[in-house]
Amino acid sequence: MALFFGKQRGSDEDENNGGNNAESSNGLAIEPDKARKWFETAQVRAETRNYEYAITCYLNGLKFDPTNLDAHQKLFEVANMYKTTGGKAASGKELREMSANKRPVDKLAAAELAWVKDALNASLALKFTKAAAELGLSEVAYWAADYGARAVLRSKKPSKSSLIQFVDIFEQVN
């Protein structure tokens, strides 16, 4: 354990959240209790049609538990509702704010924000899928690659190189 400012790192953190921290095989700190609170808030916001804030809440929760595939899927559903009610693509400011801490999980959240607000953009799907695969989130990467490959196939001019990149990710995560 490392000492920072006179405190042992790790022991205080576990005591503060009841010891519900877990570490995934890829070294990500998983805190399901904190994530659950964000997901519950997101669900309430989505039910009141405050889709943009619901998206933010889901992404904040996913920073605490990026392995939660169900939350990624629900985020995507809310983002589709956001888009059908006139929602716009993510702005540069939103993306910078989402990745402000510069941790890998923040970069993943920023990539997902960009993608869910422009779901038919195969290059954004590919960026998120690669980020998930690099973090060892195989199930999430597989789901995103499947969706992204379908988006490529639905486009007016399907890109062979994009399809090949998605296939490569399928092979990497299987």
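The largest cavity in this predicted model holds about 30 Å³ of space. A quick word on terms. We work on a 1 Å grid over the protein atoms alone, and a cavity is a set of points where a 1.4 Å probe fits but cannot get out. Points are joined across faces, edges and corners, and volume is the space filled by probe spheres set on them. With a cut-off of 30 Å³ or more, the count is one cavity.

Ground rules next. The model is predicted, so to speak on record: local features need pLDDT of at least 70, side-chain atom pairs count only at pLDDT 80 or more, and totals for chains, interfaces and linings use all residues. Residues are numbered from 1 along each chain as its sequence is written, and side-chain values use heavy atoms, with hydrogens and water left out.

What lines the largest cavity? Leu59, Leu62, Lys63, Pro66, Val105, Leu108, Ala109 and Glu112, where lining means an atom within 4 Å of a point. Helix H3 (51–64) and helix H6 (104–116) each give two or more residues. Helices here are DSSP runs (H or I, at least four residues), numbered from the N terminus. H6 has the largest share, four residues. By class: six nonpolar, no polar, two charged. Ala, Val, Leu, Ile, Met, Phe, Trp, Tyr, Cys and Pro count as nonpolar, Asp, Glu, Lys and Arg as charged, the others, Gly among them, as polar.

Now the second largest pocket, about 250 Å³. A pocket is an open set with protein on both sides within 12 Å along at least five of seven lines. Its lining has 13 residues, with Lys107, Leu108, Ala110, Ala111 and Lys127 nearest the centre. H6 and helix H7 (122–134) give two or more residues. H6 gives the most, six.
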